[in-house]
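Thanks for coming. Please have the structure open while I speak.

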Amino acid sequence: MKFVDRLKMELPQGPTTVRRHRATVDQRRHAPPNQDRQPGLHCDPPAHVIHPDAISATSARNEDLVRGVVPNGGLWRGLRLITVCLPPLLVGVTMWTCWKGWFSPVDLMLFAVFYVISALGITVGFHRHFTHQSFRTKRWISWILGVMGSMALQGPLIWWVSTHRAHHQHADDTKDPHSPHIDDARGLWGRLRGFVHAHIGWTFKANLQDMSVHAKDLLADPLCRQIHAWFPFWVIMGLLLPALIGGVIAGSWWGAASGFLWGGAVRLFMVHHVTWSVNSVCHLWGFRDYESPDQSRNKTVVGVLAMGEGWHNNHHAFPYSARHGLEWWQFDPSWFLIRGLAAFGLATHLRTVPAERRRALRRRTLD
Ligand SMILES: [Zn+2]
Ligand SMILES: [Zn+2]
């Protein structure tokens with residue numbers, strides 16, 4: 001099937017799809033993967049993206065990139081262990097420094113600023129722009145968003161995108177990379193097992209083969225490959241910048257160390273667990289306002305902390321939408337940023353949900 005034809009299949013769905021959404025989760029969990037649920041591409045690729053048919057000419061180089069930048073097997077798990085476990089250890093050190101009275105408002109400012117920068121990089125950049133192509137923007141804005149997201153230490157851009165597209169294609173079935181509904185275990189123990197797997201356990205099992213399947217368009221884009229390949233540099237920059245700013249403001253090495261702890265380690269810890277809560281909490285607890293072929297839910301506290309990503313049932317029902325908080329009271333600062341970029345002509349082709357689509361998928365009873 002031609003790429004353009006495949007993309008046409010993913011444009012807003014009709015009544016047949018609405019009926020399909022009403023299939024039960026259990027039926028889907030044991031069914032073969034649903035080929036209709038494609039990765040998160042919903043519009044024509046931007047002009048700068050090489051047509052995927054042309055990728056074969058550069059495939060060897062792309063595979064080298066994939067293998068070279070994200071190591072597989074034991075090394076990958078070792079790196080994940082460090083990136084997952086080091087921030088909590090440093091948070092412990094930070095709490096000890098607070099207990100000693102070594103804390104200043106500058107630390108809190110660095111934490112807040114770098115939290116917002118890296119979290120918006122994930123939500124607006126990695127998620128809504130690169131994964132779902134919910135809006136288009138200038139190349140230099142794409143680059144900035146990609147760098148901001150990389151500073152969150154959640155994996156290189158193309159790996160992140162392919163994992164998330166796999167999540168949408170197989171949401172809550174057996175091929176979902178991080179569903180909390182991993183097996184038929186019921187009760188408190190089953191929920192706990194599912195929660196741990198969806199929140200953090202899955203990161204040690206991620207399959208790298210997904211990249212060439214789910215993110216061909218990004219592998220074909222030189223800018224995405226560059227952001228992906230320089231991932232370690234962006235992470236280090238995200239740790240050194242708050243240290244540098246803290247050191248300059250305080251005029252001391254201690255200011256730099258404190259800036260590193262608050263703007264780096266504590267900020268990473270928070271961004272990690274808030275983002276992972278979208279995978280775990282928002283597929284277990286909360287309200288299902290719209291029909292969607294999965295167990296996604298809207299959870300207010302995650303919605304606020306995760307810059308609007310906690311309106312996760314809205315997102316699974318309408319994955320192409322640049323706006324996740326569909327009600328006026330559903331706080332969605334990521335949407336505010338996209339609207340702000342659009343106001344200055346820096347974001348175009350914003351994709352939103354027509355009222356009739358919302359009415360068609362609206363559930364009458366909440367659970
Ligand atoms: Zn989800
Ligand atoms: Zn998504």
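Two residues count as in contact here if their C-beta atoms, placed from the backbone, lie within 7 Å. On that basis, take the contacts in the chain with a separation of 6 or more: residues 24 or more positions apart account for 72% of them. Bear in mind that this is a predicted model.

Now the overall inventory. The chain has 367 residues, and 44% of them are buried. Its secondary structure comes to 18 helices and 2 strands.

I will start with helix α8, residues 157-169. How many of its residues are buried? The count is 13 of 13, so α8 is mostly covered. On length, the 13 residues of α8 should span 18 Å at 1.5 Å a residue, and because the end C-alpha atoms are 18 Å apart, the two agree.

One partner of α8 is helix α6, residues 105-131. The two axes come within 10 Å and cross at roughly 65°, and the crossing is right-handed. From α6, the contact uses F126, H127, F130 and T131. From α8, it uses L157, W160, V161, H164 and R165. Sorted by type, the residues in this contact of α6 with α8 are 5 nonpolar, 3 polar and 1 charged.

A reminder before the next helix. An α-helix has 3.6 residues a turn, so residues three or four places apart point the same way.

Next, helix α13, residues 231-250. Its 20 residues reach 29 Å from the first C-alpha to the last, close to the 28 Å expected at 1.5 Å a residue. Which residues of α13 are buried? They are F231, W234, V235, G238, L239, P242, A243 and G246. After α13 comes G251, with a positive phi near 65°.

Then there is helix α14, residues 253-280. The axes of α13 and α14 come within 7 Å and cross at roughly 140°.

On the α13 side, the contact is made by G238, L239, P242, A243, L244, I245, G246, G247, I249 and A250. On the α14 side, the residues are W253, W254, G255, A256, S258, G259, F260, W262, G263 and G264. What types of residue make up the contact of α13 with α14? They divide into 12 nonpolar, 8 polar and no charged.

That is where I will stop.

Methods:
Residues are numbered from 1 along each chain as its sequence is written. Chains are lettered from A and ligands numbered from 1 in the order in which they are written. This is a predicted model: local features need pLDDT of at least 70, side-chain atom pairs count only at pLDDT 80 or more; totals for chains, interfaces and linings use all residues. Helices (H or I, at least four residues) and strands (E, at least two) are DSSP runs, numbered from the N terminus. The expected span of a helix is 1.5 Å times one less than its number of residues. A residue is buried if 20 or more other C-beta atoms lie within 10 Å of its own, exposed if 12 or fewer, and partly exposed in between; C-beta atoms are placed from the backbone. Axes are lines fitted to C-alpha atoms, for helices over the stretch in contact, and angles run from 0 to 180 degrees between N-to-C directions. A crossing is left-handed if the near helix is turned anticlockwise from the far one by less than a right angle, and right-handed if clockwise. Ala, Val, Leu, Ile, Met, Phe, Trp, Tyr, Cys and Pro count as nonpolar, Asp, Glu, Lys and Arg as charged, and the others, Gly among them, as polar.
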